[in-house]
Amino acid sequence: MYLADFHIHSNFSDGKLSIPALVDYFGKREFGAIAITDHFCEDTSLIGKASTYLGVTLNRATFPIYCELLKTEKARAWEQYGMMLIPGVEITKNSISNHRSAHFLVLGELEGIDPNKDITETSDQVRAKGGLVIAAHPVSTQKLEKQTYHLWDRREGLRNKVDAWEVASGPYLFDEVGRSGLPVIANSDFHQERNMTSWKTVLRCERRQDAIFEAIKKQKLEFFFYREVKRRESYHPQRTYYGGVELAHQRMGNLVSV
Ligand SMILES: [Zn+2]
Ligand SMILES: [Zn+2]
């Protein structure tokens, strides 16, 4: 049984830590699997162009360097920590309208990724090669920030294109996603160390990419609230039920012993 987090940003986009620093950060906390998923903004839209200019997203020049570094760090993560590092990106389509904005994670298969393609085309391409597509923070994140409702608005039509929908992003649980009956997953959307206190996914499968993807598709997952604390805290387990998905909410010390 091990902790996993499939939505993490590095300084290749708007995260604070480098990819090697992230591997050490999660490796030292005994995570069994993580995915690094930097923003890759659509570069046809005005907002996307501005993001590229500001350097807060991957672009066509940095993307191959990013993929290469993920490959070498994947080997090191495994050797040093026994942690599976899954290569990923967060395809980022931002519009002035929240209802036309969409973020989705592509996990495992990055070859030929084009941020200008829509989710349907990307999903067919990625899943044909064994990759996974996850809808990121599909409903209100309850924070004052850009919201991305486009995928949620189209959820019925996307049933066969999305492998899982984030039921939690950071410390927030999304009730309507939990009750929807759609396949779900919990991630931190980690940008910096203070984002570590958040919902995480717990897996019981082998630490192999195909086994992990199978567990996500078959929804053999549990969710834990991971609390990063400096000092030792008392332990108050409590369980919550969301639309048939059991969410185990635990406040624990620095290392969640699962
Ligand atoms: Zn996002
Ligand atoms: Zn993100």
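Here are some friendly notes on this predicted model, taken point by point.

1. Overall make-up. The protein chain has seven helices and 12 strands. Of its 258 residues, 43% are buried. Contacts reach across the sequence: among those between residues at least 6 apart, 64% join residues at least 24 apart.

2. The nonpolar core. The largest nonpolar core holds 64 residues, and the members that touch the most others are A33, I34, L85, F104, I134 and I185. Strand β2 gives the most to this core, with six residues. As background, nonpolar side chains tend to be buried together in soluble globular proteins.

3. All six of the six residues in β4 (residues 102–107) are buried, so the strand is largely enclosed by the rest of the structure. The cover is on both faces, with A102, F104 and V106 on one side and H103, L105 and L107 on the other.

4. With β3, strand β4 pairs in the antiparallel sense over six bridges; one of the pairings sets E90 against L105 in β4. β4 is also joined to β5 by four bridges, and these two strands run antiparallel as well. Here F104 stands opposite A135 in β5.

5. F104 up close. Leaving aside residues up to four places away in sequence, F104 touches I91, I119, V133, I134, A135, A136 and L151.

6. Strands β6 and β8. β6 (residues 164–169) and β8 run parallel, with four bridges joining them. The bridge partner of A168 is A186 in β8. Both faces of β8 (residues 184–187) are covered: V184 and A186 are buried on one side, I185 and N187 on the other.

7. The 19 residues of α3 (residues 63–81) should span 27 Å at 1.5 Å a residue, and the end C-alpha atoms are 26 Å apart, which agrees. Which residues of α3 are buried? They are Y66, L70, E73 and A77. These cover an arc of only 85 degrees around the axis, which puts them on the same side of α3. An α-helix has 3.6 residues a turn, so residues three or four places apart point the same way.

8. Just after α3, G82 takes a positive phi of about 65 degrees.

9. Helix α7. Its buried residues (the helix covers residues 209–217) are Q209, I212 and I216. Seen down the axis, they fall within an arc of 65 degrees, so they line one face of α7. Several strands contribute to the cover over them, including β2 (33–41), β3 (84–93), β5 (132–135), β6, β8 and β9 (198–203).

10. G130 lies in the loop between α4 (119–128) and β5. It counts as exposed, with 11 C-beta neighbours inside 10 Å. Although G130 and Q209 are 79 residues apart along the chain, their C-alpha atoms are separated by 9.6 Å. Not counting residues up to four places away in sequence, G130 touches G108, E109 and D210.

11. Two backbone angles worth a look. H137 has a phi near 20 degrees, a positive value in a residue other than glycine. Its place is the loop between β5 and α5 (150–153). Is H137 buried or exposed? H137 is buried, with 27 other C-beta atoms within 10 Å. Q219 also has a positive phi, of about 60 degrees, and is not a glycine. With 14 other C-beta atoms within 10 Å, Q219 is partly exposed.

Notes:
Residues numbered from 1 in each chain as written. Chains lettered and ligands numbered in written order. Predicted model: local features only at pLDDT ≥ 70, side-chain atom pairs only at ≥ 80, totals over all residues. Buried ≥ 20, exposed ≤ 12 C-beta atoms within 10 Å, placed from the backbone. Pairing = 2+ DSSP bridges. Contact = placed C-beta atoms within 7 Å. Arc of directions from axis to C-beta. Core = buried A, V, L, I, M, F, W, Y, C linked by C-beta atoms within 7 Å. Expected span 1.5 Å × (residues − 1).
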